[in-house]
Amino acid sequence: MPEQMVIEGWRGVLVEMGLGRPSARALTATLLSGVAGYIFMYPRSTFREDGTLDKAFFLMPAAVGTAVFLFT
């Protein structure tokens, strides 16, 4: 009977989830922050009165993805 693999620590969890590379983590963080920002309309200054997005909206997810890529 084969032994069951044990995942240890947050790095092991990230590798098991397919997020073992900084680029994969950055893409995931960018997408999640973009979706969350759109759902919660954050930052409000990037939404026009008719509900459309300003180009500045994409700065927040890009900054989050860059930070995750550089610091993880």
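Predicted model: local features only at pLDDT ≥ 70, side-chain atom pairs only at ≥ 80, totals over all residues.
User: What makes Phe 47 buried?

Analyst: Its relative accessible area is 11%. Buried means under 20%, so Phe 47 qualifies. Phe 57 is buried too.

User: Why is the pair of Phe 47 and Phe 57 called edge-to-face?

Analyst: The ring centres of Phe 47 and Phe 57 are 5.7 Å apart, and their planes stand at 70 degrees. Phe 47 and Phe 57 both sit in the loop between H2 and H3, ten residues apart.

User: And why is the pair of Tyr 38 and Phe 47 called tilted?

Analyst: Three aromatic pairs are counted in the model. For Tyr 38 and Phe 47, the centres lie 6.3 Å apart and the planes make an angle of 40 degrees. Stacked would need under 30 degrees and edge-to-face over 60, so this pair is tilted. Ring pairs join Tyr 38, Phe 47, Phe 57 and Phe 58 into a cluster.

User: Turning to charges, how do you know that Asp 54 and Arg 48 form a salt bridge?

Analyst: Their closest N and O atoms are 3.6 Å apart. The cut-off is 4 Å, so Asp 54 and Arg 48 form a salt bridge. The count for the model comes to one salt bridge. Both partners are partly exposed: Asp 54 at 29% relative accessibility, and Arg 48 at 44%.

User: What makes Arg 25 a residue with no salt bridge?

Analyst: The nearest side chain of opposite charge, Glu 16, is 13 Å away. A salt bridge must fall within 4 Å, so Glu 16 does not qualify as a partner for Arg 25. Arg 25 is buried and belongs to helix H2. A polar atom of the Arg 25 side chain does lie 2.9 Å from the backbone oxygen of Leu 19. The cut-off for a polar contact is 3.5 Å, and 2.9 Å falls within that distance.

How values were computed: Residues numbered from 1 in each chain as written. Heavy atoms only, no water. Helix = DSSP H or I, 4+ residues; strand = E, 2+ residues; numbered from the N terminus. Buried < 20%, exposed > 50% of the residue type's maximum accessible area, 1.4 Å probe, protein only. Lys, Arg positive; Asp, Glu negative; His and termini not counted. Polar contact = N/O pair within 3.5 Å; in protein donor to acceptor, adjacent residues only side chain to side chain. Phe/Tyr/Trp six-rings, centres within 6.5 Å; stacked < 30°, edge-to-face > 60°.
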